[in-house]
Amino acid sequence: MITIYSTDYRTQLCEFFSRIIESHKAYISHGELQMGIALDSNELAPNYKEIWLKYLDRQVDNPDNTLLLYLEGETIIGFVLFGITNDGASPYGVIFDLSVDPAYRGKRIGQELLQRATESFRANGIQDCYLESGVNNHSAHQFFEHHGFKQVSDIFRLKL
């Protein structure tokens with residue numbers, strides 16, 4: 001069942017995210033580095049859960065963003081966080097996070113969550129949707145390419 005996020009799920013969502021990123025460091029992308037959740041592409045910050053919760057709170061406080069949870073009973077097995085950004089030539093959609101519990105992958109849960117996001121974008125007149133993914137997150141790359149996404153750039157970092 002897909003439902004809109006409520007703060008009742010805040011702690012459970014943080015634990016879900018933690019299980020995903022701790023077991024699959026390839027999830028780490030420049031977003032996690034920029035936010036301070038990760039120190040490097042294979043290393044999480046010691047206080048990454050606190051940082052992620054602050055990120056979560058900022059994202060859900062933004063009225064242009066939506067967070068959907070996929071629940072089995074009361075247990076989170078997937079989520080998508082997406083929003084509309086207005087800093088381009090025209091507004092565009094961004095998938096900030098999309099994840100499904102590995103035990104439930106291949107059951108079209110990610111597809112349903114992604115579809116909800118893209119349908120919302122279309123309903124709001126959005127014509128472009130972007131997302132970013134860790135350089136080694138090959139399974140995610142295949143998933144997104146399978147659903148019509150095309151790679152348009154690479155991101156480089158210089159540690160000063």
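This is a predicted model: local features need pLDDT of at least 70, side-chain atom pairs count only at pLDDT 80 or more; totals for chains, interfaces and linings use all residues.
Let's begin with the charged pairs. Side chains of opposite charge can pair when their charged atoms come close. The model holds two salt bridges. In one of them, Arg10 pairs with Asp57, and the closest N and O atoms are 2.7 Å apart. Arg10 belongs to helix H1 (residues 10-23) and Asp57 to helix H3 (residues 48-61), so this bridge ties together parts that are 47 residues apart in sequence. Arg10 is partly exposed, at 27% relative accessibility, and Asp57 is partly exposed too, with a relative accessible area of 24%.

Lys49 and Glu15 also meet through their side chains in a salt bridge, with an N to O distance of 3.4 Å. Here Lys49 sits in helix H3 and Glu15 in helix H1, 34 residues apart, so the pair links distant parts of the chain. How accessible is Lys49? Its relative accessibility is 30%, which means that Lys49 counts as partly exposed, because that class runs between the 20% and 50% limits. Glu15, with a relative accessible area of 34%, is partly exposed as well.

## The largest nonpolar core

Now for the nonpolar side. The largest nonpolar core has 25 residues, and those with the most contacts inside it are Leu13, Ile21, Trp52, Leu67, Leu69 and Phe79. Two or more residues come from each of H1, H3, strand S4 (65-72) and strand S5 (75-85). Which element gives the largest share? That is H1, with six residues.

Leaving aside residues up to four places away in sequence, Trp52 touches Leu13, Cys14, Phe17, Ile37, Phe79 and Asp97.

## A separate core

## Ile155, an exposed residue

Finally, turn to Ile155, which is placed in the segment after helix H5 (138-146). Is Ile155 buried or exposed? With a relative accessible area of 52%, Ile155 is exposed, because the cut-off for that class is over 50%.

Which distance separates Ile155 and His30? Their C-alpha atoms are 7.5 Å apart, while the two residues are 125 residues apart along the chain.

Terms used
Residues are numbered from 1 along each chain as its sequence is written. Side-chain values use heavy atoms; hydrogens and water are left out. Helices (H or I, at least four residues) and strands (E, at least two) are DSSP runs, numbered from the N terminus. Buried means under 20% relative accessible area, exposed over 50%, partly exposed in between (1.4 Å probe, protein chains only). A salt bridge is a side-chain nitrogen of Lys or Arg within 4 Å of a carboxyl oxygen of Asp or Glu. A nonpolar core is a set of buried Ala, Val, Leu, Ile, Met, Phe, Trp, Tyr and Cys residues joined through side-chain atoms within 4.5 Å. Contact means heavy atoms within 4.5 Å.
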